[in-house]
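Please keep the sequence and the coordinates at hand while reading.

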Amino acid sequence: MVLLRGVAGSGKTTLVQWLAVTTARGERGDRVPFVLPLRSLVRRPGGLPAPDGFLDAVRVPFHATQPDGWADRVLSARRGLLLVDGIDEIPERERERTRRWLRELLDVYPGNQWLVTSRPSAVRENWLTPDGFTELMLSPMDRDDVAAFVRRWHTAARIDASDTERLDGYERSLLDAVGTKPALGRLATNPLMCGLICALHRDRRGYLPHGRQELYDAALSMLLSRRDEERDMFLPGQDHGIHLTELPQIQLLQRLAYWLIRNNQSEMDRERAQRIVADVLPSLPSAAAQGDAEQILRHLLVRSGLLREPALGTVEFVHRTFQDYLGAKAAVEDGDFGMLVRNAVDEQWADVIRMAVAHARPRERAQLLGDLSETAGRLDEPAGTRVRLLALASLEHATELDPRIRAVVEGNAAPLIPPRTSQEARALAQAGPLVLELLPGPDGLTDAEARAVVVTASLVGTDAAIPVLARFRSHPSLPVRAQLTWTWHRFDTERYAEEVIAHLRPEGLYFTAQSASELRVLRELGGPSLLQLVGDIDPADIRSALRPGQLRELVVRDNRGLRDLRFLSDQGRLTRLDLSGLPLDDLTPLAELPLTWLSLALLPGLEAPDSLSPLSGSSTLNSLDIGIPLRTDSLDAALPRELPLEYLRFTRNALAFTRLRGLRHRHSVKTLSLANLPVRLTPPEFAEITRLPALEELRVNWNATGWEAGPVLPRVTRLRLNKFSGNEDLTKAPGLFPGVRTVTLHLAPDVTGVPDHVLGLFPSRPVIERTDSVL
């Protein structure tokens, strides 16, 4: 036996109906359901019915055909499921009589199953506990529940509908809106509100959330008046105690809301709420005539659907959304625009201010937005950015506004959206979740802007960012897709995988896993052939998640527990491997793999003089990237002579001991890359480079190597200048590389362009590249 409490619209009646239908289908054994809505039963002239009168009392059309004594026999056999709905929907004076009726039925017919429903504040705690009832509370819907509701609502709507394709689009756009728009998502926490949103979304042909004020007005109307009226709660000629129309209820509720907002509270003592009601009642004669402040507050708690009493003596709104909406209305009516502007930097006031823009008259609206724009100009960052974005977000509620004010607001925000660089994206993300609603794309954005938008949403990091990121999941740009897979760790693993990761184009993309759970999901998705593992993932989890022969390219970084490479033994297709930040001390397992490219960095266990010797057994390795100190006298001793290396790169402190001594013996090297050298090259080192007979391509940081003092290399046909800043003196470069045909300038992170004089130095225009790091 259960007494189930739930706020207005939480699905109590729907649950009752579902239990009745499934029981009638025989899904609960031989139970027989009796649905007993109290709002109907208490109207019977003869009072609450006995079992033989159940069907008649609820107006079942065939009630007269039931066999004599049938209900009595069912209940005596303990086969009944009695669903008593709506203790809160009957007058208070009827509730004790109803409890006595329940007790009588329990005494006469023990052993049946009972469910009694009520709103939380309608009856006191443990009201039916002495009679053996357990009290439960219906929980709010979570994100997955809301998504399932929206999908099933549209599935039901498609039955016999002629516009099924349009409904498909409505479903997708509404799922996106509920996930992206925080206020809408907060509103969609129970079946009633989800149903309302679905219905209004379809009725307005997908016109959400621009109808946000209309949505809230419709929700308020439903909760405060229409719902009770459409349920025949108030019939002519019957005394139902307090019956408040919509307007006085709104006046009372908005005063309660505004007190909470002004005092930065989410709840208040019941005594204070009663005093606030008492202060307002004299101006509401229609309400004052029906009861004192205590009675009116009690009515609002029980019937409005907007207030609840989470603990004895405490009052709060069931939705912060409604508190902000009603409080904003009160602020506008009181002309408290200065208070709104002063609190614009406080994230808790964001929705209040946006709703105030919706409630305000055109002149008031212009004043408020103008003051916000002026205030933003005086604030330091990131507060100024936040207020500019708040003003911009408020424009969707400004149905009528002075064009000059609109232009000022849009002009102030124009440099911020869309972001164009990583730096702009970081600054924009500091404004918080508010920015998510304002981010455009992917249509109409350059690849750089698309990446910056994705970075912004990534750094905001709340679940509301996922629908924004999902819009870019089909983007062809590799930097966009790389950011999307890198940021996975900031979100729920399963949801992000379903909405983003599973849809990414795999071409050239390293799918990044930063936990064992992400790695398991990637296996379920088929296992990518290009994979990046970051962080301390247990080696056993890595082994179990990889399919034999899955990998072609692998990056493993910063795993303090990965001490050996045996997990790669069955990766017979692996050709490219990048290892960094691992406690490895043995490369022997790599000799049996078909590797053609290997990068080693930050591996202190491999700093012994012969640590690279196991690689001599490889018959395929031709490219080597070294970022660990080679603790020998020369490169001859450090690098296995058997390796026919065509690409050789040195970075970090790799050359701290050897410098370039012995490089001339690497006769097969065609591409030499010198990165992050601690000191400039010396004449003997330049001489080592000149004696490489096969050298065709050189990659250097011009200033770090001091190449302006270097030798002439006529055989080099490709020159790549890394970390190019634009400050390099390249006047000697054409003479030092007379045979060069291709020049590539790879820009340093904060560099956006190349000086014109550099572009004209070489016979062909240089290729300009940049690499955007994931954030």
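In which strand does E697 lie? The residue belongs to β17, which spans residues 697-700, and this description, like the rest of the report, refers to a predicted model.

## E697 and its surroundings

E697 has a relative accessible area of 11% and is therefore buried, the cut-off for that class being under 20%. Its side chain makes a polar contact with the side chain of R718, at 3.1 Å.

The C-alpha atoms of V740 and P714 are 7.7 Å apart, while 26 residues separate the two along the chain.

P640 occupies the loop between α28 (635-638) and β15, and it too counts as buried, at 8% relative accessibility. Between P640 and S616 the C-alpha to C-alpha distance is 5.4 Å, although the two are 24 residues apart in sequence. Beyond four places in sequence, P640 touches L612, S613, L615, S616 and R666.

## An open sheet of three strands

Three strands form an open sheet in the order β6-β8-β7, and their pairing is antiparallel. Because β6 (267-269) and β7 (307-308) stand at the edges and have a single partner strand each, one side of each is left without a neighbour in the sheet. Helix α12, residues 270-280, packs on this sheet and touches β6 and β8, its direction making about 85° with that of β6.

Two bridges link β7 to β8 (residues 314-317) in the antiparallel sense, and across this pairing R308 stands opposite E316 of β8.

## Strand β10, a buried element

Strand β10 covers residues 530-534, and since five of its five residues are buried, the strand is largely enclosed by the rest of the structure. L530, Q532 and V534 point one way from β10, whereas L531 and L533 point the other way, and all are buried.

Strand β9 (residues 511-513) runs parallel to β10 and is joined to it by three bridges. In this pairing, the bridge partner of F511 is L531 of β10.

## Packing of α22 and α24

How do the axes of α22 and α24 lie relative to each other, and which residues make the contact? The axes of α22 and α24 (residues 478-486) come within 8 Å and cross at roughly 10°; the two helices are therefore roughly parallel to each other, angles under 35 degrees being counted in that class. On the side of α22 the contact is made by D447, A450, R451, V454, V455 and S458, and on the side of α24 by P479, V480, Q483 and L484. These residues of the contact divide into six nonpolar, two polar and two charged.

## Cis peptide bonds and positive phi values

Most residues other than glycine have a negative phi, and most peptide bonds are trans. Against that background, the peptide bond from I417 to P418 is cis, with omega near -5°, and P418 is placed in the loop between α20 (403-413) and α21 (422-429). The peptide bond from G441 to P442 is cis as well, with omega near 10°, and P442 lies in the loop between α21 and α22 (447-460).

Two residues with positive phi complete the account. D558, which is not a glycine, has a phi of about 55°; it lies in the loop between β11 (553-557) and β12 (576-580) and, at 45% relative accessibility, counts as partly exposed. R659, likewise a residue other than glycine, has a positive phi near 50° and is found in the loop between β15 (647-650) and β16 (671-674); with a relative accessible area of 18%, R659 is buried.

Conventions:
Residues are numbered from 1 along each chain as its sequence is written. This is a predicted model: local features need pLDDT of at least 70, side-chain atom pairs count only at pLDDT 80 or more; totals for chains, interfaces and linings use all residues. Side-chain values use heavy atoms; hydrogens and water are left out. Two strands pair if DSSP finds at least two bridges between them. Helices (H or I, at least four residues) and strands (E, at least two) are DSSP runs, numbered from the N terminus. Contact means heavy atoms within 4.5 Å. Axes are lines fitted to C-alpha atoms, for helices over the stretch in contact, and angles run from 0 to 180 degrees between N-to-C directions. Buried means under 20% relative accessible area, exposed over 50%, partly exposed in between (1.4 Å probe, protein chains only). A polar contact is a pair of N or O atoms within 3.5 Å; within protein, one must be able to donate a hydrogen and the other to accept it, and residues adjacent in sequence count only if both atoms are side-chain atoms. Angles under 35 degrees count as roughly parallel, over 145 as roughly antiparallel, 65 to 115 as roughly perpendicular and the rest as oblique. Ala, Val, Leu, Ile, Met, Phe, Trp, Tyr, Cys and Pro count as nonpolar, Asp, Glu, Lys and Arg as charged, and the others, Gly among them, as polar.
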